Amino acid sequence: MNQQSPSTPQPPPPPLSDEELLSLHRWIVALCVIRFDLERGQTVETCYPSPSLSQDEELQIAFSSFPDSMSQRNPDPNPTPNRSSIHDSTFFFRLRRTHHPPSHFLYGYVFNRQRQDDRLRRGGEQKSVVILSHFPYSSVFRPLLRILGPLCFDIGVRALHHVASCIASWPSPRFDCPIDLPIGAAKLKVHLPPALSFSSLSPTNQLVPQGLFHDADLFGVFRGLLLQLWTLWELVLIGEPLLVVAPTPGQCCEAVAGLVSLVAPLLYSVDFRPYFTIHDSDFSRLNSLGDHDYFPPMLLGVTNLFFLKALKNMPHVVSVGSPVKPPARSASVRRTGPLNVENLKKFSPTGLLNAVRARRDGPLCLMTEHREAIWSSYAATTKPDTSVLNRLVDVGASLRVEESMTVVNNEILRRHFLELTTNFLAPFGPYLRATTPLEGVSPFVDPPPLPPFNGDEFLSSLSDRGLGKYLSKRMRPNWLDLYRRFLEGNNFMPWFRKRREAAEQEQHRLWRQARVVADIKTFISKMSELEVVDSFNAIQRHLLAEMQLYNVPMLGGLEKGNDAHKFLDSMHKGPSFQL
């Protein structure tokens, strides 16, 4: 195949029209090609269309688009002279935008190609193709990247225009149903996560993905730490600072995405960085924290082991994945069958010795040898569910079997933690439940407000009535502490406010619908004169609100609010009035 480097001089792609740019920016900011230059370092070669990035942002994007030097693949122990080899990898990062509000982030989805060739200077070269977006649509951009990346290396920067034109033809993002997104002759069928709008408190449709990164390979990246998943679920739930260490950016960002997805349908509100480097603008602030300073709630994914020393006051550290090794010349195929949970808990002197050493040395032991482990003094409330682990399938060495069985295992784990989180959030239901007018009650009065929420009163009430059956057999007696820490954490209030807002909107819709179908004459026939006047004022207030909402010009005299008695007289004379 004729492979063309994106850096080969080519005429710039034609510009997009204003209408195409507007449509494009509903999904992405730009498509970029970044090259590792031996003299100048990481260099942004092309961005299409030209985004409004600051110099600092452009520099951060360039540095975040390549693996750290410490996360390179292990070299082939038996290299062949004058041989050229290509290694492709995909990962993504999240950067805080400069000169923007603190809540504005930029996501970069990276296709990185490393080419080793003894005939090249320094024995190889690196380039990355990057999709920049304001949105964490991983189910869209990861498959799109697998098309754009190789295409860009085949035909050069023309690929950027081809793909950008396709994206500009896409419909606006929708969260309530699958959407088809054409890419040339191909088509992406995706389902955006409802958590980006307002996810349901109790999801009923299992086919609808819940929460961010529902496509993350949860089983694959945490396969060596399955018994610790419930501890990690709690740490993510209460918003604790957590450092994820992995050998490669791909494993690193997959682990962070998997952790964020664990707490669906809860919208994770803590700052998370799937692939964090020392060039990130927030690194200097974190590096300056003293030994006794409080580490801010963050979920950081790193591959550079320097962070183990620089962020030594991080309270929780988890290491995942394994170094990427050259493929073996032959592999024995194992049978596929149920995962043996007893092997996960089996005692062995060697395992005990390694655990003691890891506990003694702390995360710094990763400096000498990578291992999958978790370092935390946190005592989990939730017990590992061995019935879930027993349903997992132990995948074989065959790649096709492994991929299909991993999908099954991911679905088992995701459904369990979705059910676990949903049951954990269930006690907040009464504060987030919209009401409809009771039979015989006038819908023209203002709907009752949602019950006020007080954290102390909630905990006291929950302590009195206890947990439901689902959680009571899965949690230890100190379960109330978990709720207390959840209320104090960074995830609760943003989630509660959004759910409260959604409930108020739903209640407004239900009462408005009841007013539309109500027979006002029937209601008024049972009212006193004072109640009729109050109802008229309420109708007038609702009409004014509707007219202001839809920018309808005011009717003559309606805004004066002095026609209640005229309305009352007209009702006594007989004509009906229906809203």
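This is a predicted model: local features need pLDDT of at least 70, side-chain atom pairs count only at pLDDT 80 or more; totals for chains, interfaces and linings use all residues.
Let's start with the aromatic rings. Pairs of them number 36 in total. Take F428 and F458: their ring centres are 4.4 Å apart and their planes meet at 15°, so this pair is stacked. F428 sits in the loop between α13 and α14, while F458 belongs to helix α14, so the pair ties together parts 30 residues apart in sequence. Both F428 and F458 are buried. A second pair, F492 and W495, is tilted, with 6.4 Å from centre to centre and 50° between the planes. Here both residues lie in helix α17, three residues apart, or about one turn of the helix. F492 is buried at a relative accessible area of 2%, and W495 is buried too, at 4%. These two pairs come together in one aromatic cluster, whose members include F428, F458, F492 and W495, along with W233, Y483 and F486.

Now step to N491, in the loop between α16 (479-488) and α17 (492-517). With 0% relative accessibility, N491 counts as buried, because the limit for that is under 20%. Its side chain reaches the backbone oxygen of L237 at 3.0 Å. Beyond its neighbours within four places in sequence, N491 is in contact with residues including V236, G239, Y268 and F486.

Finally, let's visit the surface. L438 lies in the loop between α13 (399-425) and α14 (455-465). L438 is exposed, because its relative accessible area of 64% is over the 50% limit. Together with V441 and V445, L438 forms a nonpolar surface patch with about 250 Å² of accessible area.

Conventions. Residues are numbered from 1 along each chain as its sequence is written. Side-chain values use heavy atoms; hydrogens and water are left out. Patches are made of residues with over 30% relative accessible area and no salt bridge: like charges are joined within 9 Å, nonpolar side chains (Val, Leu, Ile, Met, Phe, Trp, Tyr) within 5 Å. Accessible areas come from the Shrake-Rupley method with a 1.4 Å probe; for residues, only the protein chains shown count as cover. A salt bridge is a side-chain nitrogen of Lys or Arg within 4 Å of a carboxyl oxygen of Asp or Glu. Helices (H or I, at least four residues) and strands (E, at least two) are DSSP runs, numbered from the N terminus. Buried means under 20% relative accessible area, exposed over 50%, partly exposed in between (1.4 Å probe, protein chains only). A polar contact is a pair of N or O atoms within 3.5 Å; within protein, one must be able to donate a hydrogen and the other to accept it, and residues adjacent in sequence count only if both atoms are side-chain atoms. Contact means heavy atoms within 4.5 Å. Rings of Phe, Tyr and Trp (its six-membered ring) pair if their centres lie within 6.5 Å; planes under 30 degrees apart count as stacked, over 60 as edge-to-face and the rest as tilted.
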